[in-house]
Amino acid sequence: MQVGLKALAVAGSLLAATAAQAAQVEALSAARMLDVASGKYVENPVVIITDGRITAVGKKGEIALPAGAKLIDLPGATLLPGLIDMHVHLDSLAEVGGYNSLQYSDAFWSVIQTANAKATLEAGFTTVRNVGSDRFNDVGLREAIDGGYVPGPRVVTAGYAIGATGGHCDSTYFPPSMAQKGPYVADGAEEGRKQVRAVRKYGAQVIKICATGGVFSRNTEPGQQQLSLAEMSAIVDEAHMWGLKVAAHAHGAAGIKDAIRAGVDTIEHVSLVDDEGIKLAVQKGAWFSMDIYNTDYTQSEGKKNGVLEDNLRKDREIGDVQRENFRKAIKAGVKMVLGTDAGIYPHGQNAKQFAVMVRYGASPLQAIQSATVNAAQALGQEKDVGQVAVGRYADIIAVSGDPLADVTTLEKPVFVMKGGAVVRQP
């Protein structure tokens, strides 16, 4: 019996030693690290990473490196958390606008999203929320990334967006003879509830609705409200019952306010918001996600890419208004997350929005927080992403220089790590 117990003890020790050897331990050091929660720099930081998660954060000389840890030193660089974009469309191409998309097969879009995901990750965006995708392409992409088959950021998926018949999330480009209809339109509160259940069934992790008309759809105007308060309230109630958050495409003032009243978690675009809507957002704690960069691209490149003139007309009419309303919202204290609408402009250029946010009233720290701690909170993933802190995934980027002095440094990260795996390095 004693021999047997000794054998078990030895076997247990060997198993423990093997497990310890199998743990992948890394140490990351740099000149400084931005604590995005406080806005203060930590000089000479050291980050210890074990099996893809952060297990210790300290300063050189004050924290011991684990035996056998692989050291990655980035002299002169500034560390930040991996960035989060709350509004992307990875299975879309800015370079293919209007009816030009009809040249391609349905499967084309599921393939090009892999290159878009890679470009996004290499640009320092380690988490994205994909708010609207045909054929549940984004769900397949998430599965492929999570399985290690293709590189890309962590993807929070919406699948199909839910909208009204003839609205922005319906298929509006074709005549009646072609019988085109969005597969997840919802007319009435009960249909809205049913569609929430349907998209969740097939992989939606967030519910996307279209509360108003849009810019890049036909026969809709951005200011038009297209889902009623009753319809939105039913959708939100159903989604929240299932533990899902709701994002609402909403350009028009009336639709924005009803989306907030319905309890929508994040309001997307928010172009034509009025003072009452801003006040309501502050009172209710709704997040604004305002894509104030992409007009620069669409107005310069849209026509060449095949975007219809009517779409470009709407884009021109709301571009400056949206930016001034962003200024008002920031001044009023509305909670803000970074949402760029990538796919309307080329993927991988997401960080260009930071400079536009600063130009229209945000401090560099507010801009950075919108893509880190704020976005993590809005996702409900504060324990996993958004900060370089113990327990979080080792999603870390590094830039040259001081991002609080020059936020454009975020456009060219010199180092990107996702879950402890190096994606880009000097």
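Ala-77 counts as buried because its relative accessibility is 5%, where buried means under 20% relative accessible area, exposed means over 50% and partly exposed falls in between (1.4 Å probe, protein chains only). That value, like everything below, is computed from a predicted model, in which local features need pLDDT of at least 70, side-chain atom pairs count only at pLDDT 80 or more, and totals for chains, interfaces and linings use all residues. Residues are numbered from 1 along each chain as its sequence is written, and side-chain values use heavy atoms, with hydrogens and water left out.

So what surrounds Ala-77? Leaving aside neighbours within four places in sequence, Ala-77 is in contact (heavy atoms within 4.5 Å) with Ala-30, Ala-31, Arg-32, Ala-398 and Val-399. Ser-400 sits 323 residues away from Ala-77 along the chain, yet their C-alpha atoms are separated by 4.9 Å.

Ala-77 belongs to strand β5, residues 70-81; helices (H or I, at least four residues) and strands (E, at least two) are DSSP runs, numbered from the N terminus. Strand β1 (residues 25-35) runs parallel to β5 and is joined to it by seven bridges; two strands pair if DSSP finds at least two bridges between them. Within that pairing, Ala-30 stands opposite Leu-74 of β5. β5 also pairs with strand β14 (residues 396-400), here in the antiparallel sense and over five bridges, with Leu-79 opposite Ala-398.

Next, have a look at the open sheet of three strands, which come in the order β6-β7-β8 with parallel pairing. Its edge strands are β6 (83-88) and β8, each pairing on one side only. On average, neighbouring strands of this sheet are turned by 15° against each other, direction ignored; the axes behind such angles are lines fitted to C-alpha atoms, for helices over the stretch in contact, and angles run from 0 to 180 degrees between N-to-C directions.

Strand β7 (residues 125-130) and β8 are held together in the parallel sense over four bridges. Val-128 faces Val-155 in β8, and Asn-130 has Thr-157 of β8 as its bridge partner. Which way do the residues of β8 point? Arg-154 and Val-156 go one way, Val-155 and Thr-157 go the other way, and all are buried. To get from β7 to β8 the chain passes through helix α3 (residues 137-146), making a right-handed β-α-β crossover.

The structure holds one disulfide, a term used for a pair of cysteine sulfur atoms within 2.5 Å.

Eight of the ten residues of α6 (residues 253-262) are buried, so the helix is largely enclosed by the rest of the structure. Among the buried ones are Ile-256, Lys-257, Asp-258 and Ile-260. Just after α6, Gly-263 takes a positive phi of about 95°.

Finally, a word on confidence. The protein averages a pLDDT of 94, and 95% of the residues score at least 70; pLDDT is the predictor's confidence in each residue, from 0 to 100. Over residues 1-5 the pLDDT is below 50, and this stretch has zero contacts in the model beyond near neighbours in sequence. Residues 7-20 also stay under 50, with zero contacts beyond four places in sequence.

Technical notes. A crossover is right-handed if, with the strands pointing away from the viewer, the path from the first strand over the helix to the second runs clockwise.
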